[in-house]
Amino acid sequence: MSVNVGDPVPHATVFDRELNAVDLAEFAAGRPRVLLFFPGAFTSVCEKELCTFRDRMAAYNDVGAEVIGISVDTPFCQSAFAEKNRLTYPLLSDFNREAVRAFGVVLPELKGLRELAQRAAFVVDGSNVVRWAWVADEPGQEPPYEEVAAAVRALAR
């Protein structure tokens with residue numbers, strides 16, 4: 001993993017659903033964030049993960065935290081995925097793979113597809129410092145939801 005607990009969020013250009021380029025280090029800066037890297041939209045585990053975070057948003061909203069999903073899917077695909085699943089938090093496209101490389105979460109190959117995002121979660125404080133990190137051992141592994149929530153709650157203390 002290239003980004004460790006205590007490191008600042010690296011600068012990487014990603015795209016929102018309207019094709020606006022944004023710097024991941026500056027996106028929602030000043031508030032706690034949960035950065036969720038996921039392999040691909042419209043896949044069963046990714047859908048379950050992102051919908052689980054959707055269903056638990058109150059816990060993150062209570063401490064002012066922003067949840068942000070990131071994959072190498074196009075902004076168009078992410079828009080359709082968000083609509084289908086009623087996701088209310090931002091999904092960012094790392095189509096050019098800057099963020100997955102900067103964070104060190106490149107999934108080299110999955111069933112012939114190269115350089116997807118490895119499933120990972122990073123909790124970032126309002127000063128843009130990574131305070132908690134988890135990277136899946138395999139793409140089908142879901143994040144430890146309660147640990148993510150606890151890491152975010154710890155930032156509010």
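1. Pocket terms come before the pocket. On a 1 Å grid over the protein atoms alone, a pocket is an open set of points with protein on both sides within 12 Å along at least five of seven lines, whereas a cavity is a set of points where a 1.4 Å probe fits but cannot get out. Lining residues have an atom within 4 Å of a point. Grid points are joined across faces, edges and corners, and a volume is the space filled by probe spheres set on the points.

2. Basis of the model. This is a predicted model, in which local features need pLDDT of at least 70 and side-chain atom pairs count only at pLDDT 80 or more, while totals for chains, interfaces and linings use all residues. Residues are numbered from 1 along each chain as its sequence is written, and side-chain values use heavy atoms, with hydrogens and water left out.

3. Largest pocket. Its volume is about 250 Å³. The lining has 16 residues, and Pro 39, Gly 40, Thr 43, Leu 110 and Leu 116 are the closest to the centre. Helix H1 and strand S7 (113–117) each give two or more residues to this lining. Helices (H or I, at least four residues) and strands (E, at least two) are DSSP runs, numbered from the N terminus. H1 gives the most, with 3 residues.

4. Strand S3. Why call S3 largely enclosed by the rest of the structure? Because 5 of its 5 residues are buried. Buried means under 20% relative accessible area, exposed over 50%, and partly exposed in between (1.4 Å probe, protein chains only). Arg 33, Leu 35 and Phe 37 point one way from S3, and Val 34 and Leu 36 point the other way. In a regular strand the side chains alternate between the two faces of the sheet.

5. Pairing around S3. Two strands pair if DSSP finds at least two bridges between them. S3 runs parallel to strand S4 (residues 66–71), joined by 5 bridges. Phe 37 has Ile 70 as its bridge partner in S4. S3 also pairs with S8, in the antiparallel sense, over 5 bridges. There, Val 34 has Val 123 as its bridge partner.

6. The S8–S9 hairpin. S8 and S9 pair in the antiparallel sense over 5 bridges. Ala 120 stands opposite Val 135 in S9. The hairpin has 5 residues between the strands, and Asn 128 takes a positive phi near 75°.

7. Largest nonpolar core. A nonpolar core is a set of buried Ala, Val, Leu, Ile, Met, Phe, Trp, Tyr and Cys residues joined through side-chain atoms within 4.5 Å. Here the largest one has 27 residues, and those touching the most other members are Val 34, Phe 53, Tyr 60, Val 67, Leu 87, Tyr 89 and Val 148. Elements giving two or more residues include strand S3 (33–37), helix H1 (44–55), strand S8 (120–124), strand S9 (130–135) and helix H5 (145–155). H5 supplies the largest share, 5 residues. Another core, of 24 residues, lies apart from it; Val 14, Val 22, Ile 68 and Ile 70 are among them. In soluble globular proteins, nonpolar side chains tend to be buried together.

8. Val 34 in contact terms. Contact means heavy atoms within 4.5 Å. Leaving out residues up to four places away in sequence, Val 34 touches Phe 53, Tyr 60, Glu 66, Val 67, Ile 68, Phe 122, Val 123, Val 148 and Val 152.

9. Cysteines. How many disulfides does the structure hold? It holds 0; a disulfide is a pair of cysteine sulfur atoms within 2.5 Å. Cys 51 is in none, and the nearest cysteine sulfur, that of Cys 46, is 11 Å away. Cys 51 is buried, with a relative accessible area of 12%. The sulfur of Cys 77 is 11 Å from the closest cysteine sulfur, in Cys 46, which is too far for a bond. Cys 77 is partly exposed, at 24% relative accessible area.

10. Positive phi in loops. Most residues other than glycine have a negative phi. Ala 28 has a positive phi of about 60°. Ala 28 lies in the loop between strand S2 (21–23) and S3, and is partly exposed at 23% relative accessible area. Lys 111 has a positive phi of about 50°. Lys 111 sits in the loop between strand S6 (106–110) and S7, and counts as exposed at 80% relative accessibility.

11. Phe 95. Where is Phe 95 found? It is in the loop between strand S5 (91–93) and helix H4 (98–103). Phe 95 is partly exposed, with a relative accessible area of 45%. Phe 95 touches Ser 71, Val 72 and Thr 74, not counting residues up to four places away in sequence. The C-alpha atoms of Phe 95 and Thr 13 are separated by 9.6 Å, with the two residues 82 apart along the chain.
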